[in-house]
Amino acid sequence: MFIVMETTGVLFRGINVVSISVTDLDRAREFYGNVLGFGQPVYDLPDAGWIEFSSGAAGGNVAVVLAESGWVPSTGTTLVLDVEDCRAAVDELRRRGVDCEDAEVFPGFVTYASFYDPFGNRLQMCGPA
């Protein structure tokens, strides 16, 4: 038997955190904190396999979690970060040594580019077309 619960209003209020699996928390702390510029972790719990950074927005933090044995990088589900100028962000990430694809434009909609963390996870950024 299923019980249907009625809700008033919106069920979800936003994104709390997105977790990205990594094989080395120290390398992840350096990449996400310094290279991407997220700064000092909000929560730094390496014994629990968890480091969480503020994304710079009011909500939606980014966490790196220690991957389980046999893990492979994610190129499916993708964290997409907002930028003011996608082409300039591509240039800056490349200057910082990040593997970054060329920006692509969907005229009238968005400019986006994929880039990769040191573990092979695909991330993206997007900005105005």
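Is tyrosine 32 buried or exposed? At 0% relative accessibility, tyrosine 32 is buried.

## Overall architecture

The model described here is predicted. The protein contains two helices and nine strands, and their order along the sequence is β-α-β-β-β-β-α-β-β-β-β. Along its principal axes, the C-alpha trace spans about 55 × 45 × 30 Å.

Of the 129 residues in the protein, 33% are buried. Among contacts with a separation of 6 or more, 51% are between residues 24 or more positions apart.

## Helix α1

The N-terminal end of α1 is capped by aspartate 24. A side-chain oxygen of this aspartate lies 2.9 Å from the backbone nitrogen of aspartate 26. After α1 comes glycine 37, which has a positive phi, near 85 degrees.

Six named residues make up the buried set of α1: Leu25, Ala28, Phe31, Tyr32, Gly33 and Val35. The partners against which the buried residues of α1 pack are the strands β1, β3, β4, β8 (110–116) and β9.

## Aromatic pairs

The protein has four aromatic pairs. One of them joins phenylalanine 31 and tyrosine 32 in an edge-to-face arrangement, with 5.1 Å from centre to centre and 85 degrees between the planes. Phenylalanine 31 has a relative accessible area of 6% and is therefore buried, the cut-off being under 20%. Tyrosine 32, at 0%, is buried as well.

Another pair is formed by phenylalanine 38 and phenylalanine 53. The ring centres are 6.3 Å apart and the planes stand at 45 degrees, so this pair is tilted. Phenylalanine 38 sits in the loop between α1 (25–35) and β2 (43–45), and phenylalanine 53 in strand β3 (residues 50–53), so the pair ties together parts that are 15 residues apart in sequence. Phenylalanine 38 and phenylalanine 53 are both buried. Through ring pairs, Phe31, Tyr32, Phe38 and Phe53 are linked into a cluster.

## The largest pocket

The volume of the largest pocket is about 430 Å³. Its lining comprises 21 residues, and those closest to the centre are Phe38, Ser55, Leu81, Asp82 and Val83. The element that gives the most is β5, with four residues.

Sorted by class, the lining of the largest pocket holds 14 nonpolar residues, four polar and three charged.

A volume of about 180 Å³ is found for the second largest pocket. Of the 13 residues in its lining, Val18, Ser19, Ile20, Thr77 and Leu79 are nearest the centre. The elements that give two or more residues are β1 (17–22) and β9 (122–127), and β1 provides the largest share, four residues.

The lining of the second largest pocket consists of six nonpolar residues, six polar and one charged. Both β1 and β9 are also among the elements against which the buried residues of α1 pack.

## Tryptophan 71

Tryptophan 71 lies in the loop between β4 and β5. Its relative accessible area is 25%, so tryptophan 71 counts as partly exposed.

Beyond its neighbours within four places in sequence, tryptophan 71 is in contact with Ser21, Thr23, Phe119 and Asn121. In the case of serine 21, the separation from tryptophan 71 is 50 residues in sequence, while the C-alpha to C-alpha distance is 8.2 Å.

## Serine 114

Serine 114 belongs to strand β8. With a relative accessible area of 5%, serine 114 is buried.

The side chains of serine 114 and glutamine 124 are joined by a polar contact of 3.0 Å. Apart from neighbours within four places in sequence, the residues in contact with serine 114 are Cys100, Glu101, Arg122, Leu123 and Gln124. The strand that holds serine 114, β8, is one of the elements against which the buried residues of α1 pack.

Definitions and conventions: Residues numbered from 1 in each chain as written. Predicted model: local features only at pLDDT ≥ 70, side-chain atom pairs only at ≥ 80, totals over all residues. Heavy atoms only, no water. 1 Å grid on protein atoms, 1.4 Å probe; cavity = no way out; pocket = protein on both sides within 12 Å on 5 of 7 lines; lining within 4 Å. Points joined across faces, edges and corners; volume = space filled by probe spheres on them. Nonpolar A, V, L, I, M, F, W, Y, C, P; charged D, E, K, R; others polar. Phe/Tyr/Trp six-rings, centres within 6.5 Å; stacked < 30°, edge-to-face > 60°. Buried < 20%, exposed > 50% of the residue type's maximum accessible area, 1.4 Å probe, protein only. Contact = heavy atoms within 4.5 Å. Polar contact = N/O pair within 3.5 Å; in protein donor to acceptor, adjacent residues only side chain to side chain.
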